[in-house]
Amino acid sequence: MDSSNLKYLISLLLSVAVFACWLSGPVHAEVMLDRIIAVVNDDVIMLSEFENKLHAARAQIAQEHAQAPPDEILHRQVLESLIMNKLQLQLAATTGVVVDDETLNQTINRIAEQNKVSLTQFREILERDGFSYERFREDIRDEITISRLRQRHIDNRVAVTDGEIDNFLATEELQGGAENEYHLSHILIATPEAATTEEKEQARLVANKVLEDLANGEDFAKLAMSVSAGQQAAEGGDLGWRKASEIPSLFADLVTQMKEGEVSKLIESPGGFHIIKLTGLRTSDKHMVTQTRARHILMRPNELLSEADIKNKLEQAKARVMQGENFAEMAKSHSEDAASAVNGGDLGWVNPGAMVPEFEAQMNLLKPGEISEPFKTQFGWHIVQVLERREHDNSEDLKRDKARETIRQKKIAEAQQNWLRQLRDEAYVEYRLEEKKPEENVPDENAPDENAPDEN
């Protein structure tokens with residue numbers, strides 16, 4: 001995950017949780033002297049930190065209309081959360097993970113926007129309810145720092161192999177996770193209620209004639225409109241897209257064995273004779289995209305050539321191609337994109353979103369055969385030619401991407417749990433619970449004597 005996505009996710013999380021907790025109002029309690037309630041390596045946790053965190057936790061529970069745990073459990077959870085945050089921030093400091101003010105400001109601006117208030121209004125709301133805006137900023141900085149730390153130590157080290165994806169998809173298929181959808185068309189040659197043998201045979205003859213006409217190339221929809229007694233006859237017998245569970249049991253087993261475009265044999269029922277055509281077949285997660293096959297020439301300014309010089313050279317290159325010179329040969333000779341230059345600048349089939357926005361915008365303006373004017377991206381100056389376009393079923397790629405991300409998130413969660421456990425086990429933690437007041441009391445069944453250090 002790149003840093004922009006990371007910041008977006010952090011801001012989203014904070015907008016629905018932290019912001020709600022802060023804005024729910026402070027606890028109006030008797031002011032008590034602050035004191036240390038725990039030592040974490042060479043840092044401390046103050047009573048005020050604990051009370052603020054406890055208040056935020058209770059506010060969030062209330063906002064979510066959840067059942068709050070007993071006080072002793074909630075206190076223990078809050079204190080342990082503070083300890084783990086301290087440990088991660090300490091590690092971030094020693095490993096050089098820093099969040100600059102610009103990143104922090106962008107994140108807070110995004111939180112304000114997502115809550116439909118201006119930054120000034122955001123600050124006024126906090127301060128009106130008795131909260132320090134500066135403390136809020138530092139809390140957000142800590143959250144981003146911890147996320148970046150975890151990304152460095154866990155997320156970036158998690159890999160998913162093709163074999164793991166294959167196994168995941170095979171298991172999902174066995175469990176019925178990828179259900180097909182069937183586009184059906186239907187013709188009914190009806191028989192009267194309590195039909196005689198002669199009436200049934202007459203209907204069978206008509207139905208067989210329809211099958212014969214279909215085999216000879218007659219259009220199914222036209223025949224349905226002219227002879228079918230089905231409810232969808234006026235729509236050419238179109239039954240639409242249906243999952244297997246939604247197909248009438250009369251012909252469900254037959255349909256699931258048919259190939260796309262195939263017409264069934266006659267299916268007899270008390271109401272007459274049915275003919276089914278499997279007009280289309282897709283998985284429920286079918287995903288069609290418009291792919292573009294394009295090629296380009298890339299040039300970059302250098303000490304000898306300015307941006308104006310490069311733009312002029314590309315304009316000349318385009319003019320030469322328009323006069324009949326070979327684009328591919330020119331790309332091989334002049335393009336500075338080494339990966340595509342050897343293929344005449346060919347980028348292959350490109351999915352939407354695969355290129356940087358500036359490049360994709362220019363490419364999408366072109367018809368097959370057209371060449372763009374020179375344009376600039378973060379990589380340099382380009383001209384691009386669209387060769388062809390096609391509609392492509394991207395379902396398989398999308399399915400594998402989803403499987404990869406599911407496996408990755410599971411591995412990250414497991415790795416994170418192990419990493420945090422190791423971090424906690426190696427830490428020096430000393431509890432200093434000298435007084436037991438309602439908001440201060442943080443009982444721990446496994447805690448040692450209050451004045452003795454706990455190195456677990």
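Visitor: What makes Asp43 and Lys86 a salt bridge?

Guide: In this predicted model, the closest N and O atoms of Asp43 and Lys86 are 3.7 Å apart. A salt bridge requires such atoms within 4 Å, so the pair qualifies. The pair links distant parts of the chain, with Asp43 in strand β2 and Lys86 in helix α4, 43 residues apart.

Visitor: Why is Lys86 called buried?

Guide: Lys86 has 15% relative accessibility, and buried means under 20%, so the term applies. Asp43, at 28%, counts as partly exposed, because that class lies between 20% and 50%.

Visitor: How do you know that Arg424 and Glu80 form a salt bridge?

Guide: Their side chains meet at 2.8 Å, N to O, which is within the 4 Å limit, and therefore the pair counts. Arg424 belongs to helix α16 and Glu80 to helix α4, 344 residues apart. Arg424 has a relative accessible area of 10% and is therefore buried, whereas Glu80, at 27%, is partly exposed.

Visitor: What makes Ile275 buried?

Guide: The relative accessible area of Ile275 is 0%; as the cut-off is under 20%, Ile275 is buried. This residue lies in strand β6, and its contacts beyond four places in sequence include Ile187, Leu211 and Phe220.

Conventions. Residues numbered from 1 in each chain as written. Predicted model: local features only at pLDDT ≥ 70, side-chain atom pairs only at ≥ 80, totals over all residues. Heavy atoms only, no water. Helix = DSSP H or I, 4+ residues; strand = E, 2+ residues; numbered from the N terminus. Buried < 20%, exposed > 50% of the residue type's maximum accessible area, 1.4 Å probe, protein only. Contact = heavy atoms within 4.5 Å.
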